[in-house]
Amino acid sequence: MRTQKIPELLAPFPPLVNQFAEQSKENTRKWVRKFRLHEGSDYDAYLKDNLTYMTARFYPTASQERFFIADQFNTLLFAMDDRMDHQDNKDLIISSRERFSKFIDACLLIMKGEYDAPLPPTGHLAALNDVWSKVKTISTPAWQAKFTAGIRKMFDAALWAHDNFSARQIPSVAGFYTMRPFLGAAHTSSDMIEIIEQVYIPNTILELPYFQEITRLCQITVCLANDMFSVMKEIGHQDYHNMVLIMMREHDINLKQAMKQTRRLYTADMRQFLRLMSIHSHQLFTGYETEIQRYKQCLQAIMRGNIDWSTKETNRYPNFVYGVQKRVKRNEI
């Protein structure tokens with residue numbers, strides 16, 4: 001498989017890492033083994049993914065307790081995503097739409113506290129029940145309801161992708177651009193800022209167009225960067241829900257040209273984010289100036305952290321060279 005060259009992406013923010021990363025890595029590994037989320041060669045792949053450092057870069061100033069929870073939750077989301085993504089070798093969960101829908105319903109019932117059937121001791125549902133019980137200790141019922149609605153959007157996007165694959169239908173660039181943050185669960189990372197980084201801003205402020213837009217731009221730039229980093233992996237798994245591959249199809253261009261088009265789209269969105277960052281919006285909301293500044297910094301940490309983790313700290317995305325130096329291969333991090 002050929003190697004893709006990816007020029008350095010615009011992300012002029014400081015690189016940060018949570019001080020509890022190494023402690024959380026071992027704690028989460030024990031948790032993964034306890035619930036048997038990965039076994040055999042899948043467990044080896046999980047170790048090389050080094051997901052803890054992604055979370056450590058997303059939430060660099062979180063307390064130990066909250067960071068441990070975020071690390072476990074993100075690890076579970078990735079475990080679910082891997083089972084839902086590999087269309088070349090369908091997992092039991094997505095072997096049929098009916099089975100997939102039942103799994104989704106069970107997850108949502110657990111998060112709503114309405115699941116009344118016996119849970120198995122291991123597996124995704126058991127792990128979700130465990131980590132969600134921890135999330136509930138550091139969040140309000142209102143936040144839990146909002147976050148559960150966001151998880152519903154993630155699953156709706158996964159069903160949309162499942163149906164597209166079954167119908168051999170590739171979405172348009174515009175349609176995929178809208179769905180991509182939910183398909184990649186990027187919205188969950190920004191939603192978790194409140195409880196993991198303890199940034200408390202009323203919904204009446206966060207729901208204003210300005211804050212909705214900077215949050216959306218954070219999410220979509222993370223996804224576009226990910227699509228460039230992961231394109232060779234997704235070709236291998238026959239998963240064409242990737243902006244680079246959709247650009248190729250819609251514009252009838254080759255892979256190199258599609259990478260350039262995707263990078264242009266990323267850069268345009270990043271520049272718009274930077275323009276909005278230059279607006280001193282925090283000065284408009286007396287009493288929330290510090291919290292709004294922290295929220296913006298958290299969005300920046302997610303955007304920069306995604307690039308640093310993807311290019312330096314994980315083996316999840318193979319066959320690319322980033323910037324001027326060749327990406328370092330590591331057997332296990």
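A: This is a predicted model. Start with the cover over helix α13: its buried residues are covered by elements including α8 (173–183), α12 (209–236) and α14 (255–277). Helix α13 itself spans residues 243–251. Its buried residues are Met243, Val244, Leu245, Ile246 and Met247.

Now the ends. Asparagine 242 caps the N-terminal end of α13. A side-chain oxygen of asparagine 242 sits 2.8 Å from the backbone nitrogen of valine 244. After α13 comes aspartate 252, with a positive phi near 55°.

Next, follow α12, one of the covering helices. The axes of α12 and helix α15 (residues 289–313) come within 9 Å and cross at roughly 5°. Angles under 35 degrees count as roughly parallel, so α12 and α15 are roughly parallel to each other. On the α12 side, the contact includes Tyr210, Phe211, Ile214, Cys218, Val222 and Phe229. On the α15 side, residues including Ile292, Tyr295, Leu299, Ile302, Met303 and Ile307 take part. By class, this contact has 14 nonpolar, 6 polar and 1 charged residues.

The whole structure has 0 disulfides. The sulfur of cysteine 218 has its closest cysteine sulfur in cysteine 223, 9.2 Å away, which is too far for a bond. Cysteine 223 is likewise in no disulfide. Cysteine 218 counts as buried because its relative accessibility is 2%. Cysteine 223 counts as buried too, at 2% relative accessibility.

Technical notes: Residues are numbered from 1 along each chain as its sequence is written. This is a predicted model: local features need pLDDT of at least 70, side-chain atom pairs count only at pLDDT 80 or more; totals for chains, interfaces and linings use all residues. Side-chain values use heavy atoms; hydrogens and water are left out. A disulfide is a pair of cysteine sulfur atoms within 2.5 Å. Buried means under 20% relative accessible area, exposed over 50%, partly exposed in between (1.4 Å probe, protein chains only). Helices (H or I, at least four residues) and strands (E, at least two) are DSSP runs, numbered from the N terminus. Contact means heavy atoms within 4.5 Å. A polar contact is a pair of N or O atoms within 3.5 Å; within protein, one must be able to donate a hydrogen and the other to accept it, and residues adjacent in sequence count only if both atoms are side-chain atoms. Axes are lines fitted to C-alpha atoms, for helices over the stretch in contact, and angles run from 0 to 180 degrees between N-to-C directions. Angles under 35 degrees count as roughly parallel, over 145 as roughly antiparallel, 65 to 115 as roughly perpendicular and the rest as oblique. Ala, Val, Leu, Ile, Met, Phe, Trp, Tyr, Cys and Pro count as nonpolar, Asp, Glu, Lys and Arg as charged, and the others, Gly among them, as polar.
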